[in-house]
Structure formats: C-alpha cells, structure tokens
Amino acid sequence: MKNISLHIPGFPRIGAQRELKFALEAHWCGETDPVQLAATAATLRARHWAAQRDAGLDFVTVGDFALYDGVANHIQLLGCEPARFAFGASETPLQRYFIMARGRSGRDECGCGSAHSASPALEMTKWFDTNYHYLVPEFTDATEFTVASERLFDEVAEAQALGHAVKVALIGPLTFLWLGKGMDHKLALLERLLPVYGAILARLKAMGVAWVQVDEPILGLDLPAAWRNAFEPTYWQLNQAGTPLLLATYFSPLEENLSLACRLPVAGLHVDGVRAAHELINVADWLPAHKVLSVGIVDGRNIWRTDLDSALSQLAPVLDKRAGALWLSTSCSLLHVPYSLAPESGLDSELNNWLAFALEKLDELALLRAALVTPEDAAVQAALASFRQAIAGRRASKRVHNAAVAARLAALTDEAANRPAPFAERRVLQQIRLNLPAFPTTTIGSFPQTPQIRAARAARRRRELDEVAYAKAMRAEIAHAIGQQELLGLDVLVHGEAERNDMVEYFGEQLDGFAFTANGWVQSYGSRCVKPPVIWGDVSRPAPMTVDWAVYAQGLTERPVKGMLTGPITILQWSFVRDDQPRADTAMQIALAMRDEVADLEAAGIAIVQIDEPALREGLPLRRARHAPYLDWAVRAFRVTAGVAGAATQIHTHMCYAEFNDILPQIAALDADVITIETSRSAMALLEGFGDFQYPNDIGPGVYDIHSPRVPDRREMVALLKKAQAVIPARQLWVNPDCGLKTRGWEETATALRNMVAAARELRQEA
Ligand code: GLN
Ligand code: ZN
C-alpha cells in the first residue's frame with residue numbers, strides 16, 4: 001500500500017483579485033485602519049488554507065503569509081529590527097513593519113507627535129533567481145534576537161481554529177543570516193540566533209503543530225566551507241526542540257551539499273524535483289529510511305501543466321526506494337505563479353488547456369497521488385487521459401512550432417553575431433554621421449508616464465478610444481517630449497516611450513509566440529505585482545513594432561533620436577518561458593525577431609538604436625559553474641540582435657539594478673558602442689571596475705538617481721562626472737541619468753535634466 005502525503009512550501013499571498021494589494025494601498029493612504037487591514041489579511045489566509053484543504057492536501061501551510069514580505073515578518077519574529085530606525089515605544093509593530101518596508105521621512109508619519117529622523121527603508125533585493133524582492137535584514141555585532149512577535153503563533157491558532165492540520169513554514173537560520181547584510185562574519189550571530197529558533201519551535205510544538213518546514217534554499221548555492229559546516233551543529237541544536245522538521249531546499253540542485261542535506265538531524269527533506277530532477281534517485285538512496293522525503297514534482301516556478309505520465313515514471317523508482325512512502329509537493333512556494341486560471345476566459349481554449357496556475361497545481365498534486373494510490377480507479381484514469389491529451393496536443397501543436405523560425409535558427413552563422421567593423425572604426429564613422437560634442441548628453445528612454453497617457457491607454461483598452469485617436473494622442477506626447485528635450489539642450493533624444501505600457505509587454509504583444517493573461521499577477525514586492533507574458537511558441541515578428549513612432553519622432557528634430565528596443569534576455573527573463581526547449585533557443589528566437597527590428601529602424605534612417613538589457617545579470621544561474629554557459633548564449637543573443645546594424649549606426653545598451661564587476665568581460669563582449677548604467681547611488685564606485693578592466697567602448701554612468709524625487713544640482717553632477725573621469729578616459733564618457741524617467745513628473749525631470757546638461761557643458765569647457 002502506498003502512503004503519499006501532499007503539501008506545498010507556500011502559497012501566493014496577494015489574493016485571487018489582488019485583494020492584498022488594494023487593502024495595503026488603502027491602508028497606506030489612510031483610508032482604512034489596522035483592524036480593517038488585518039481583517040482582509042485573515043480572510044485571505046482563510047481562503048488560501050481552504051483551497052489547500054479542499055484540494056486534498058494533508059497540511060495547510062502557515063507562516064508563508066506576509067502583509068509585505070516574508071523576510072520582514074521574520075525580522076520582527078526574531079526581534080532584530082535594525083537599531084537605526086530608532087523605533088519609539090509609541091510605534092505599533094505594524095507601523096514599524098511598514099517603516100522598515102517603505103522608509104520614513106522626517107515627518108511625523110506615525111502620528112505620535114514626536115519628531116522622527118528620516119530613515120530609508122530596508123534594501124530590497126531579488127529572492128534567489130526569482131523576480132520576487134525581499135527586504136534585506138541588517139546585522140551588526142550588536143544584533144540580538146528574541147521571540148518578539150506573536151503574529152506567527154496567532155496565525156497558527158487561526159488555522160487551527162478553522163480546523164486545519166498545520167505545517168508551519170519558517171525561513172531557516174542559515175539562510176536568514178546568509179540573506180542579511182552589514183557584517184562580514186554573520187555566522188558569529190548563529191550562537192545568539194539558535195536559542196530563539198529553539199524557543200519558537202518549542203512553542204509551535206506546544207501548540208500541537210505537527211511539522212515545521214525550515215527553508216534553507218542556500219543549500220543549492222556554492223557555499224563557503226564555514227557555512228556548510230554550520231549546518232550540522234545548527235540542525236542538531238534545532239532538533240532538540242522535538243518538533244519534526246522538514247528541511248526545505250529549492251531552486252537549484254544540491255550537488256556537493258546532497259549528502260550533507262540527507263545526513264542532517266531532521267525528520268524530513270524537501271527537494272526540488274524539477275530543477276534537481278536528476279538528483280532525485282540519489283536523494284532517495286542517501287536519505288535514511290526513517291526520514292520523510294518530500295519531492296517537489298510540480299513546477300512552482302512556471303505555469304505549464306505538469307506532464308503527469310513523466311512525473312509518475314520519475315516517481316516510480318523513488319517510491320520503490322522509499323518503501324512506497326513519499327510526500328508530494330510543488331518544487332517551491334507557489335508565490336511565483338499566478339493564483340488561478342479560472343478568470344482567464346480571454347486565452348484561447350487550446351492554450352488555456354496547457355497551463356496550470358497555483359490552484360490548478362494543487363489539483364495536479366491530488367491527481368498524482370490518486371494515480372499512485374488508486375491507479376485502477378476509472379475517474380483517475382479519465383483525468384490522466386485528459387492530461388495526456390493536453391500534453392500531447394501541446395507537443396504536436398502546429399502553433400508552437402514554426403518551421404521558418406527553426407530554419408532561420410539552424411542557418412544562423414557566427415557572422416550574424418558580429419558587427420561589420422571593429423569599434424575603433426565604427427566610432428569614427430558614427431562621429432562623422434552624428435557630430436556629437438564631448439560628453440554627449442542623453443536619457444535612457446522613457447519620459448514621465450503622465451495620468452493622461454495612462455488614461456489614453458486605458459480608454460483604448462476599453463475601446464472607448466479608437467486606434468486613430470490613440471495614435472494621435474501618443475504622437476502629441478512624443479512631440480511634447482521632443483520639444484522639451486530640444487529646449488533642455490540634450491544631444492541625443494528619445495521619443496519618450498509614451499505608447500509603451502511596459503518594456504516587455506509592449507514587444508510581447510506584437511510578437512508571435514506570446515500570450516497575455518488577464519489576471520495572471522505575481523507579487524514582485526509589497527503591493528507591487530507583475531503580469532509576465534507567456535512565451536508558448538516559436539517567436540517571430542510579423543511586422544515592424546516601433547518604426548513608425550521612431551520615424552515620427554525623428555521627423556520632428558534635426559538631432560538624432562534613438563530607436564528604443566528591449567533586448568532578448570530581458571524579454572526572456574521577465575516572461576514565463578516555455579519548458580519544451582532550452583532557454584537559449586527561445587532567447588535566440590527573440591534575438592532574431594529583434595534583429596529584424598534593428599534592421600528596419602536603420603533602413604528608416606534611425607542612426608542610433610538602444611537595446612535595453614537590464615535583466616542580463618539577473619539571469620545568472622545560482623551555481624557558478626553554470627554562469628559561463630549562460631553568459632555565452634546571452635551575449636550571443638544580444639550580438640545577434642545588434643549585429644545586423646551597419647558600422648555607422650550606433651548601438652546603445654542600458655543596464656541597471658546590478659553589480660556588473662563580475663561580468664565585465666561579457667559586458668564588453670556585447671560590443672555595444674555605448675552602454676549606459678546605473679551608478680549614481682554608488683557614487684560612481686561601480687565605475688571603478690570598468691576603469692580597471694579598461695572597458696573599451698563608450699560608457700554613460702548615470703549621474704542621478706531617478707528612483708528619488710530629489711533633484712540634484714549641477715555641481716553634484718559635475719563632481720560625479722569628475723570621479724568618473726578619474727577612472728574612464730573623458731573621450732569615452734556620456735552624460736545621462738541612471739534609468740528611464742517614466743515614474744517621475746515633468747517638472748522635476750526638466751529641472752534635473754537642465755542641471756545635467758549644464759554639468760556636461762561645464763566639463764566640455766574644462767576639457
Ligand atoms: N528604456 C527603458 C526606460 O527608459 C529602460 C528601463 C529599464 O532599464 N528598466 O524606461
Ligand atoms: Zn534602467
């Protein structure tokens with residue numbers, strides 16, 4: 001008799017209709033009080049637990065809910081709010097929570113009447129290789145821990161009161177320390193941290209919690225020896241609490257940490273059965289027989305229906321080794337996928353049939369168990385058959401496979417990835433064509449997306465505005481942006497991206513092989529959600545996408561206007577990607593489509609084309625050994641996109657949100673004529689790497705932070721540029737902001753850019 005239990009590492013918090021987002025925003029602008037916010041949160045938790053129970057899961061997961069972020073919850077649970085916030089006794093835990101998440105200005109926002117000093121929010125950064133951002137804990141030698149919040153225990157009681165069997169999910173102590181910043185020897189804090197975990201586990205045990213899942217995804221990283229060695233004593237100590245622990249790993253294979261993970265003194269181990277599928281048998285072998293093995297067989301990172309037949313054949317040998325006992329799960333928390341397919345009536349039925357979001361993934365788990373336990377059941381057989389049909393349909397679909405795209409990919413030569421001349425020659429030809437001054441000024445692409453622009457787009461979506469009227473409104477915006485840039489005296493102009501909702505969605509909507517959901521929201525951070533496109537088939541470009549706008553903008557001015565494109569890796573990285581071919585192939589298909597756009601822009605007389613790749617670095621695999629192969633195909637995809645441009649056409653690229661110093665050879669290998677990067681927040685420190693590396697092409701280090709409403713003055717920007725000149729030869733330098741200006745207002749933007757142009761002129765005079 002097979003003994004299969006079902007659970008999930010975590011569930012989306014934001015709600016089927018993004019209820020949490022709207023509740024948070026209403027609360028922040030003072031429309032609701034904490035009681036109302038708490039009520040919405042409790043309703044969502046209750047609904048999400050009910051969904052897990054109704055699908056037949058053996059436990060509901062508690063502790064995965066957070067108003068803003070799970071790491072922020074954990075910081076409060078452990079009582080390690082950074083001292084720099086100087087919280088007063090009058091501030092409630094909820095107020096402190098949102099201050100850590102969103103920062104505090106000098107104003108008395110909490111209403112306690114005493115003056116506070118301004119404190120910036122906790123830094124936000126990507127959770128492993130996902131697009132979810134967590135709040136970074138801050139540690140110092142003085143950091144102390146205590147059980148400082150009742151929230152987790154209250155939520156456990158809440159679930160128990162609803163009659164649920166509870167499994168608690170907790171961030172593990174080593175992963176928590178690893179994620180923090182502020183000190184070199186974070187492991188030194190472990191000794192203080194573990195007794196607090198012990199106390200939490202003891203309380204959970206006293207509440208009758210059957211299992212605690214302790215998340216240690218860092219076991220899938222290249223860990224320094226000290227961190228690896230810390231696992232055994234840590235778990236030996238946590239195990240003393242007597243609460244059964246399920247150590248959870250995900251996102252990456254365990255590799256050299258596999259035997260360590262199997263040996264740890266815990267009651268069970270969860271592994272990612274999708275990304276580490278090849279390790280399953282090893283884990284099943286190594287893990288002692290008395291321990292629970294939880295296999296994350298359903299993909300928590302993507303939106304495709306599971307191929308149940310192949311999942312079952314993968315599980316069969318594992319079950320044999322585990323004497324028929326297993327837990328089944330999703331590979332990781334379902335935080336990273338949308339809530340449900342139910343509202344997606346707009347997707348055609350064939351595509352709809354290929355997908356599974358969070359709720360559907362719960363049903364897949366239930367069906368997998370049924371297929372293992374009662375395979376002879378007719379209803380089970382029927383359900384499996386319908387899955388089989390959907391999977392086979394997708395595999396054979398003529399829509400997915402486009403012979404012309406395949407042929408083009410196969411015929412791709414190395415030459416396609418090379419510009420027609422080396423940079424030194426291109427530079428001369430481009431200078432003859434563009435005649436730019438020293439320290440040329442430009443912007444990154446977008447200008448303020450005003451309420452009017454957004455209203456026009458919404459009206460078009462509701463079909464209240466026809467295409468002609470919409471195009472007219474957008475042309476007026478472009479004309480305004482061009483006029484402003486001429487007044488400001490910028491050298492290289494942009495059309496302003498008024499017509500773009502989003503830098504990926506805009507292209508995806510015009511490319512074949514992409515689909516868009518109506519409600520497929522995924523939390524990015526706090527109340528912010530994104531709706532990634534779904535790349536379901538071979539990608540091709542039926543028609544030019546940006547040429548009309550670019551030509552219109554260029555027609556308004558004598559100065560060069562940059563054509564503005566999103567690069568293949570960023571499009572790939574910010575979409576749900578098909579799982580039936582390597583990511584590299586999908587990237588190259590996108591590259592070919594974008595290459596055609598570059599060619600068309602050039603043919604239409606556009607002299608400069610910018611290909612944005614802000615997501616190039618975030619695509620790096622978690623394991624270092626896989627960096628080189630990724631970077632190879634990512635760089636090649638960019639080069640194929642740009643390679644079609646003639647020598648006199650200037651190719652720009654733009655990157656932000658990142659440390660680049662570890663991938664400088666690859667950034668140089670992109671061979672863009674100009675790269676603009678985010679540097680102002682690091683006061684040009686980031687640029688030193690480019691200097692040491694002797695970065696060969698032109699470079700525009702951002703001279704002001706567009707994320708802040710603060711308007712920098714000329715002197716400040718001159719000082720930054722002088723710092724830049726100390727490491728990069730002046731002839732290579734451009735002058736530009738850190739990133740696009742779409743989130744800013746026109747007034748602040750105009751003042752900042754006026755100062756920026758004045759700074760460039762000052763430098764020219766000194767040169
Ligand atoms: N061209 C884009 C813009 O200006 C670039 C955005 C980005 O780098 N994230 O908005
Ligand atoms: Zn940017």
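Reader: Hi! In what order do the 8 strands of the open sheet come?

Author: Hello! In this predicted model, the order across the open sheet is E1-E10-E9-E8-E7-E6-E5-E2, and the pairing is parallel.

Reader: Nice. Which strands stand at the edges?

Author: Those are E1 (3–6) and E2 (60–62). Each has a single partner strand, so one side of each lacks a neighbour in the sheet. On average, neighbouring strands of this sheet are turned by 25 degrees against each other, direction ignored.

Reader: Let's zoom in on E9. How many bridges join E8 to E9, and how many join E9 to E10?

Author: There are 5 between E8 (residues 268–272) and E9, running parallel. E9 and E10 (residues 325–330) also run parallel, joined by 4 bridges.

Reader: Is E9 mostly covered or mostly uncovered?

Author: Mostly covered, with 6 of its 7 residues buried. Take leucine 293, which lies in this strand (residues 292–298).

Reader: Why does leucine 293 count as buried?

Author: Because 23 other C-beta atoms lie within 10 Å of leucine 293, and 20 or more is the cut-off for buried. Leaving aside residues up to four places away in sequence, leucine 293 touches Gly268, Leu269, Val283, Ala284, Leu287, Arg322, Leu326 and Trp327.

Reader: Switching to helices: which residues of H20 are buried?

Author: In H20 (residues 547–554) they are Trp549, Ala550, Ala553 and Gln554. Seen down the helix axis, these buried residues fall within an arc of 130 degrees, so they line one face of H20.

Reader: Why would residues three or four places apart point the same way?

Author: Because an α-helix has 3.6 residues a turn.

Reader: Got it. What do the buried residues of H20 pack against?

Author: Helix H18 (467–488), strand E16 (561–566) and helix H22 (583–603).

Reader: Last one, H4. Which residues are buried there, and what follows the helix?

Author: Within H4 (residues 93–102), the buried ones are Tyr97, Phe98, Ile99, Met100 and Ala101. They pack against helix H3 (70–77) and strand E4 (133–135). After H4 comes glycine 103, with a positive phi near 85 degrees.

Definitions and conventions:
Residues are numbered from 1 along each chain as its sequence is written. Chains are lettered from A and ligands numbered from 1 in the order in which they are written. This is a predicted model: local features need pLDDT of at least 70, side-chain atom pairs count only at pLDDT 80 or more; totals for chains, interfaces and linings use all residues. A residue is buried if 20 or more other C-beta atoms lie within 10 Å of its own, exposed if 12 or fewer, and partly exposed in between; C-beta atoms are placed from the backbone. Helices (H or I, at least four residues) and strands (E, at least two) are DSSP runs, numbered from the N terminus. Two residues are in contact if their C-beta atoms, placed from the backbone, lie within 7 Å. The arc is that of the directions from the helix axis to the C-beta atoms. Two strands pair if DSSP finds at least two bridges between them. Axes are lines fitted to C-alpha atoms, for helices over the stretch in contact, and angles run from 0 to 180 degrees between N-to-C directions.
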